[in-house]
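Dear colleague,

I am passing on the structure below, and after it you will find my notes on what turned up when I went through it. Please read them with the coordinates open beside you.

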Amino acid sequence: MAFKLIDLPYADTALDPAISAKTLSYHHGKHHNAYITKTNDAIEGTAHADKSLEDIVAAARGDNQGLFNNAAQSWNHGFYWHSLAPSETAPSDDLKAKIDEAFGSVDKLKEELKSRGAGHFASGWVWLAEKGGKLSVEETHDGDTLADSDFNPLLTIDVWEHAYYLDHQNARPAYLDAVVGSKLNWAFASENLARGSSWTYPS
């Protein structure tokens, strides 16, 4: 199957000023679209052509780095758009209880996400993830992903420069303050926790 660039789940102005319409235009319309296009080109006419994006990521890991990078980045970006919301939503009671158990409070989790994101060397992703009923903050470098891991990813934050440079220049902490402070989609995280398995990229 050929994968499609998924629509943003909000207007391109909805995250402003944390993330501007101009940034979303480039990040979603150019970067994400390029990963999707390259993934489709790489799987056309191969044994991967009818697989889900998650299965392609798993099959390509360690075997086909080019395909893995593009498929994983396609998945990560789709997950990232849903990890954000125009107005911060509230976590479910179950998610709130697990956050309190692991981090002490939602505010302390936010500080952990911001700290890990600011301290992440070079490009990558910072995740809120669940494994064995416990929550943790995880990091993946460059185009790596939790899509095919033992973790159930709940939220992610993109810390590649193209996610924030037009709005915040090289001030990654300012981007993290703006996004983590008021744009995280806790309802999406709650859905992922309740499902108990990784989100799937729409086919």
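**Backbone notes, then the helices and the cavity**

Q169 sits in the loop between α6 (165-168) and α7. Please keep in mind throughout that this is a predicted model. The phi of Q169 is near 50 degrees, a positive value in a residue other than glycine, and with a relative accessibility of 41% the residue counts as partly exposed.

As for the peptide bonds, the one that joins D16 and P17 is cis, with omega at about 5 degrees, and P17 belongs to the segment before α1 (21-43).

Turning to the helices, I looked at α5 with some care. This helix runs over residues 106-119, and its 14 residues, at 1.5 Å a residue, should span 20 Å, which agrees with the 20 Å that separates its end C-alpha atoms. Its buried residues are V106, L109, K110, L113, K114 and G117, and, seen down the helix axis, they fall within an arc of 135 degrees, so they line one face of α5. The general rule behind such a pattern is that an α-helix has 3.6 residues a turn, so residues three or four places apart point the same way. On the face of α5 turned away from the buried side are the exposed residues D107, K108 and G119. The partners against which the buried residues of α5 pack are α4 (93-103), β1 (124-131), β2 (134-141), β3 (152-158), α7 (172-182) and α8 (186-195).

In α8, the buried residues are W186, F188, A189, S190, N192 and L193, and what covers them includes α3 (65-83), α4, α5, β1 and β3.

How many cavities of 30 Å³ or more does a search of the whole structure find? The search finds 1, and the volume of the largest cavity is about 30 Å³. Its lining is made up of L113, V126, W127, L128, L155, T156, I157 and L184, and the elements that give two or more residues to this lining are β1 and β3. By type, the lining residues divide into 7 nonpolar, 1 polar and no charged.

With best regards

Methods: Residues numbered from 1 in each chain as written. Predicted model: local features only at pLDDT ≥ 70, side-chain atom pairs only at ≥ 80, totals over all residues. Heavy atoms only, no water. Helix = DSSP H or I, 4+ residues; strand = E, 2+ residues; numbered from the N terminus. Expected span 1.5 Å × (residues − 1). Buried < 20%, exposed > 50% of the residue type's maximum accessible area, 1.4 Å probe, protein only. Arc of directions from axis to C-beta. Contact = heavy atoms within 4.5 Å. 1 Å grid on protein atoms, 1.4 Å probe; cavity = no way out; pocket = protein on both sides within 12 Å on 5 of 7 lines; lining within 4 Å. Points joined across faces, edges and corners; volume = space filled by probe spheres on them. Nonpolar A, V, L, I, M, F, W, Y, C, P; charged D, E, K, R; others polar.
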